[in-house]
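Please consult the sequence and the structure shown here.

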Amino acid sequence: MASVSVLPQPPVLWSRVDQDFYICTVGDAVLGYVERHGLSYAGFDERSRAVGSSTSLTDAMAAVVGDRAPGSGAVRTGTTEGPLYALVYTSVATVAFVESHLDALLASSRAANLANSVTGILLYRSGRFVQYLEGSRSTLTALMASIAADPRHSSVDILVEGTAASRQFEDWTMGYERLTEASDPLPEGFRSSFDDLEGESTDDALRALRELSFWFRVRNAA
Ligand SMILES: Cc1cc2nc3c(=O)[nH]c(=O)nc-3n(C[C@H](O)[C@H](O)[C@H](O)COP(=O)(O)O)c2cc1C
């Protein structure tokens, strides 16, 4: 009888990204997500195809996980494009950012980023920023010096930086989303993507960044 060797699979992990958005990852791949619409939870696969809906979060989660093997067509971050530098930092706003402040910040940032071939996303939640930037190393080094000296925020903390295989946000001179501070408690067994960015573990921060990036793309899909 032929023996079948079973490779250990990374665990299925669920996180809450935004108030009504729950994401499922396995290793470095996104398996799918659940969105709450009123009283109903809708499950989607990694390509945003509906896989089932229910009034129960648990049932919608089961529809997402299904019996699909992790990695079978799941979205992986990154393809090959060429050498590139990327970094992620978090910071704390020193002034209350109302939308008009952010509009002004985004308008000048986008113009400068377009000129410097910088792309990325900026996320804001309850006075905290997370920004993902990609471009040439020398450009990002100079930009980070300006950003770190900007009095509109403090505690600028670079979580990860290094060369990247490809741009994650090539269509975004600076995408922006404001996240909602959840009013209800985190369901049992869930991680919080935004909180994981600021934890001790780099692995958790990288996964959280993948989750937030994926959420951003779903939110901004046409
Ligand atoms: C949260 C945050 C994000 C920013 N993102 C960018 C950015 O993506 N690109 C950019 O050119 N400036 C960005 N800025 C603005 C820079 O900090 C700085 O004001 C700008 O680069 C002009 O700098 P300079 O006066 O040294 O030329 C950001 C500022 C903040 C507070």
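In which sense do strand S2 and strand S3 pair, and over how many bridges? Strand S2 (residues 21-26) and strand S3 (residues 29-37) pair in the antiparallel sense over six bridges, where strands are DSSP runs of E with at least two residues, helices are runs of H or I with at least four, and both are numbered from the N terminus. Two strands are said to pair if DSSP finds at least two bridges between them. The model is predicted, so that local features need pLDDT of at least 70 and side-chain atom pairs count only at pLDDT 80 or more, while totals for chains, interfaces and linings use all residues. Residues are numbered from 1 along each chain as its sequence is written.

S3 also pairs with strand S4 (residues 40-45) in the antiparallel sense. Gly32 in S3 stands opposite Cys24, and in S4 the bridge partner of Gly32 is Asp45.

| Hairpin | Residues between the strands | Turn residue and phi |
|---|---|---|
| S2 and S3 | two residues | Gly27, positive, near 60 degrees |
| S3 and S4 | two residues | Gly38, positive, about 60 degrees |

The ligand is surrounded by 14 residues, the closest being Ser109, Ala112, Ser146, Ile147 and Asp150; a residue counts as near if its C-beta atom, placed from the backbone, lies within 6 Å of the molecule. Helix H2 (99-116), strand S9 (128-135) and helix H3 (137-148) each supply at least two residues of this shell, and H2 gives the largest share, with four residues.

Helix H5 (residues 202-219) has 18 residues and reaches 25 Å from its first C-alpha to its last, close to the expected 26 Å, a span taken as 1.5 Å times one less than the number of residues.
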